[in-house]
Amino acid sequence: MEPTVETFCKEYGGKDFFASHDEYEKFRIRFGEAIRPGLERNREARRKSEEAARQHCIA
Amino acid sequence: MIVEESGIFPIVVFDNDDGWDSVRKLCPMHLDSRGQKRLEDSLKNGVKCVVVEKHYIDKDYRDTFSNFHSKRFSTPNSRCIRLHFFTHDVSYEDLKIAETVQDYYIGYSIIRPTRPNCIGRTFIDVKNYTGQNAYICTCSEKVNLQGTELELTGFPFISQDGDATVCAQSALWMIVRYFSNRYSLYKETYPFQLTQLSKDYSIGRISPSNGLTIWQLGESLRQLSFSPLIYNRETFEGDFDRLLYTYIESGIPVIAGVPNHVIAVFGHASDLSLCVQTSSLVFSSEFCTAWMINNDNCSPYQTLLKDGGGDSDFEFKDIDSFIAPLAEKVFLTAENFEKVVLEMLNNSQTGINKLSPTLLHDSLVLRMYLTTGKSYKKKLSKRGMGDSVVENIYRQLPLPHFIWVCELSSPAEYANGNVLGEIIWDATRNVWETEGWIAIHYPEQLLVDIGSALNGVQKIHSFDLTNDAYGYSMYCSNLKEI
């Protein structure tokens, strides 16, 4: 028999963290929105770093 | 005293009459006074005996000799001398039994007949540098000395010959030799082969070498099966030193650019007394006071201090860029892991405010690193993980090959080498996927994504812990303490 989330949790006494699937989806969307600006800034910094690397000559 | 001075393997036992000068006199066409000084600086902590192995055929020098030096009218010798360093005098009889000399053996240096730099492949054991309170990336090598196999642990070093190779190839060599020594996935690559890696990304000839750009070094690494990431101080601003620290803490040595030069950074040292002065949230990188570096123009294992004044002429701010040679499957970068993990800690549902009164009442120290799921599991039992439920769940949980870990600690616990929890993130995930978190472990509660672990949709389960906020030991596997 294949292991399932239910069998795994039963063994260790776990419970669903999110009350419902809707609550989980709301969390996921809000989390995605919250991280987006920081990730965009990182993407821009990476692009500029790679651009600068073409000019950086070392002996 | 010199034993068998005119033999193939003379032994120089240091005493009032003989020392480093005697070693140089035995290698007149190879070791020059500059090279002697560099060896003395590297080994000042107590070499008592040097075994001189003449007519040594070195794989790295032979590679540049065959492809470059042999084409000169004035041709250097094709053979090298290998010097073996011991902290105790040894005899030919001693050398027959590995156990007799292993404890005294601290490394070797290949002496090339090249000028201006004669120091070739050099491998000095970490035991020569103990007591520095530093943590470094290490690999191991087996050395065959007259048929006796000895073992060394350390970080490889080589100096440029100034002709076929310059600092760029030397730093690249040190990094890739570390990886090929440590992981069978990476093949051993020789200096001239490294010079050829940039041939499709160069304007004009590639040897004699005039140096490389950071971009060419990145491309060279890519051709050697790495997934290199390039960081520039100007564009990453205040995050730059922290990101460099995170990669070193992950056991990933980096190639670092300084003005007109490049070095290998492979370790760090920290001042944990700074732990008491923390604000509400601090990264462990804040306590870092030095990088351990190999500068091919100097001695191995130099200390580069934050504000200068160490063995090195450089200070932290002189490092203007670095390349982290990541493994192919590390898709999530350090800077992106940092962003997602900080959001997780501040989140109204999964953050500390909601779930962990224990962590809330003190300053928080964050230590981030990359490791493999396999290595992480290997240390679970020894560490205890604060609660047997956590240990048992982590043991059972299928983990990705690479994971990012952010350890959570208080200043007092961190200073004692302890943590109070961690966040584990799948390093093989795309950063835009919000389902990358594998586990959040606070002293009071463990959240685990069991769905993804079973290759399904994310399914977060929580487990109450009976932990009473005592720390457990931090994960130590990526680096070795010296």
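Okay, let's start where the chains meet: the contact takes 41 residues from chain A and 55 residues from chain B. Before I go on, keep in mind that this is a predicted model.

How much area is buried between chain A and chain B? About 4,200 Å², with carbon and sulfur atoms giving 64% of that. I'm quoting area here because the size of an interface is often given as the accessible area lost when the parts come together.

On the polar side, I get 16 residue pairs in polar contact between chain A and chain B, counting pairs with both residues at pLDDT 80 or more. So who on chain A is doing the touching? Helix H1 (5–12), strand E1 (15–16), helix H2 (21–55) and strand E2 (57–58) of chain A each bring at least two residues to the side that touches chain B. H2(A) has the largest share of that side, with 24 residues. If you sort the chain A side by class, you get 19 nonpolar, 8 polar and 14 charged residues.

Now, salt bridges. There are 4 of them between chain A and chain B. One to click on is B:Glu335 with A:Arg46, where the side chains meet at 3.2 Å, N to O. Over all chains, the count comes to 31 salt bridges.

Here's another one, this time inside chain A: the side chains of A:Glu25 and A:Arg28 form a salt bridge at 3.3 Å, N to O. Why are those two about one helical turn apart? Because they're 3 residues apart in helix H2 of chain A.

The largest pocket comes in at about 790 Å³. It has 28 lining residues, and the closest to its centre are B:Tyr183, B:Thr372, B:Ser375, B:His401 and B:Phe402. As for elements, H5, strand E17 (321–326), strand E18 (364–372) and helix H13 (373–378) of chain B each put at least two residues into that lining. By class, the lining of the largest pocket divides into 12 nonpolar, 10 polar and 6 charged residues.

The second largest pocket has a volume of about 400 Å³. Which residues lie nearest its centre? Out of 20 lining residues, they're B:Tyr135, B:Leu272, B:Tyr414, B:Met474 and B:Cys476. Helix H9 (240–249), strand E13 (261–270) and helix H16 (411–415) of chain B are the elements giving two or more residues to this lining.

Last stop, the cavities. How many are there of 30 Å³ or more? The structure holds 3. The largest cavity has a volume of about 110 Å³. There are 16 residues lining it, and if you want to find its centre, look for B:Thr64, B:Arg112, B:Ile158, B:Thr165 and B:Pro191, which are the closest. The elements that supply two or more lining residues are helix H3 (59–67), strand E6 (119–124), helix H5 (167–182) and helix H6 (191–196), again in chain B. By class, the lining of the largest cavity has 5 nonpolar, 6 polar and 5 charged residues.

Technical notes. Residues are numbered from 1 along each chain as its sequence is written. Chains are lettered from A and ligands numbered from 1 in the order in which they are written. This is a predicted model: local features need pLDDT of at least 70, side-chain atom pairs count only at pLDDT 80 or more; totals for chains, interfaces and linings use all residues. Side-chain values use heavy atoms; hydrogens and water are left out. On a 1 Å grid over the protein atoms alone, a cavity is a set of points where a 1.4 Å probe fits but cannot get out, and a pocket is an open set with protein on both sides within 12 Å along at least five of seven lines; lining residues have an atom within 4 Å of a point. Grid points are joined across faces, edges and corners, and a volume is the space filled by probe spheres set on the points. Helices (H or I, at least four residues) and strands (E, at least two) are DSSP runs, numbered from the N terminus. Ala, Val, Leu, Ile, Met, Phe, Trp, Tyr, Cys and Pro count as nonpolar, Asp, Glu, Lys and Arg as charged, and the others, Gly among them, as polar. Contact means heavy atoms within 4.5 Å. Buried area is the accessible area (1.4 Å probe) that two parts lose on being put together, summed over both. A polar contact is a pair of N or O atoms within 3.5 Å; within protein, one must be able to donate a hydrogen and the other to accept it, and residues adjacent in sequence count only if both atoms are side-chain atoms.
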